[in-house]
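Hi everyone, thanks for coming along. Today I'd like to walk you through one structure, step by step. Have a look at it first, and then we'll start.

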Amino acid sequence: LIYSLASAVGQNFIYYTITQFGPLLLSTVTTTRKIFSTVYSVLRNPSNSLDEMQWAGCTLVFVGLAVELLEKALPSKKPAKDPKKL
């Protein structure tokens with residue numbers, strides 16, 4: 001019964017996130033949660049180890065998240081459109 005309630009609450013959060021923010025943010029949140037869960041599991045219990053390729057994949061995910069955050073945080077300098085060229 002508890003698992004059923006937890007699942008229903010989780011589905012409500014998924015629905016809310018999609019309707020309010022869109023599916024792209026939901027996939028970002030889901031990927032971030034999964035990668036943090038994986039790294040936490042490895043750090044908490046060293047018998048759950050990752051090989052070099054898996055660590056490289058984790059690094060790529062974190063680099064991608066960092067780039068996305070920096071793009072949103074830093075103001076972009078887009079050149080103004082020349083009305084004569086339109």
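This is a predicted model: local features need pLDDT of at least 70, side-chain atom pairs count only at pLDDT 80 or more; totals for chains, interfaces and linings use all residues.

Which residues of helix 2 are buried? They are Leu 26, Thr 28, Thr 32, Ile 35, Val 39 and Val 42. Now look at the numbering of that list while I remind you of a general point. An α-helix has 3.6 residues a turn, so residues three or four places apart point the same way.

Let me step back to the whole chain for a moment. There are three helices and zero strands, and reading along the sequence gives the pattern α-α-α. The chain has 86 residues, and 13% of them are buried. Its exposed surface comes to about 7,900 Å², with carbon and sulfur atoms supplying 66% of that.

Now the helices themselves, starting with helix 1. Helix 1 has 20 residues, and the distance from its first C-alpha to its last is 28 Å, close to the 28 Å expected at 1.5 Å a residue. After helix 1 comes Gly 22, with a positive phi near 100°.

Helix 2 runs through residues 23-44. Its 22 residues should span 32 Å at 1.5 Å a residue, and its end C-alpha atoms are 31 Å apart, so the two values agree.

Helix 3 covers residues 52-73. Helix 3 also has 22 residues and reaches 31 Å between its first and last C-alpha, close to the expected 32 Å. What caps the N-terminal end of helix 3? That is Asp 51, which has a side-chain oxygen 3.2 Å from the backbone nitrogen of Met 53.

In soluble globular proteins, nonpolar side chains tend to be buried together. Here, the largest nonpolar core has five residues, namely Ile 35, Val 39, Val 42, Leu 50 and Cys 58. Helix 2 gives the most to this core, with three residues. Let's pick out Val 42. Leaving aside residues up to four places away in sequence, Val 42 touches Asn 48, Leu 50 and Trp 55.

Thr 28 is another residue of helix 2. Is Thr 28 buried or exposed? Its relative accessibility is 18%, and the cut-off for buried is under 20%, so Thr 28 counts as buried. With residues up to four places away in sequence left out, Thr 28 touches Leu 65 and Glu 68.

Compare that with Thr 38, which is also placed in helix 2. Thr 38 is partly exposed, because its relative accessible area is 33%. The side chain of Thr 38 reaches the backbone oxygen of Lys 34 at 2.9 Å. Thr 38 and Ser 49 are eleven residues apart in sequence, and their C-alpha atoms are 9.9 Å apart in space.

There is another pair of that kind to look at. Tyr 15 and Leu 26 are eleven residues apart in sequence and 9.4 Å apart in space, C-alpha to C-alpha. Tyr 15 is found in helix 1, and at 59% relative accessibility Tyr 15 counts as exposed.

Finally, the aromatic rings. How many aromatic pairs does the structure hold? There are two. In one, the rings of Tyr 16 and Phe 21 have their centres 6.3 Å apart and their planes at 80°, so this pair is edge-to-face. Tyr 16 is partly exposed, with a relative accessible area of 45%, whereas Phe 21 counts as exposed at 54%.

Phe 36 and Phe 62 form an aromatic pair too, and it is edge-to-face, with 5.2 Å centre to centre and 70° between the planes. Phe 36 is partly exposed, with a relative accessible area of 47%, and Phe 62 counts as partly exposed at 29%.

Notes. Residues are numbered from 1 along each chain as its sequence is written. Side-chain values use heavy atoms; hydrogens and water are left out. Rings of Phe, Tyr and Trp (its six-membered ring) pair if their centres lie within 6.5 Å; planes under 30 degrees apart count as stacked, over 60 as edge-to-face and the rest as tilted. Buried means under 20% relative accessible area, exposed over 50%, partly exposed in between (1.4 Å probe, protein chains only). Helices (H or I, at least four residues) and strands (E, at least two) are DSSP runs, numbered from the N terminus. A nonpolar core is a set of buried Ala, Val, Leu, Ile, Met, Phe, Trp, Tyr and Cys residues joined through side-chain atoms within 4.5 Å. Contact means heavy atoms within 4.5 Å. The expected span of a helix is 1.5 Å times one less than its number of residues. A polar contact is a pair of N or O atoms within 3.5 Å; within protein, one must be able to donate a hydrogen and the other to accept it, and residues adjacent in sequence count only if both atoms are side-chain atoms. Accessible areas come from the Shrake-Rupley method with a 1.4 Å probe; for residues, only the protein chains shown count as cover.
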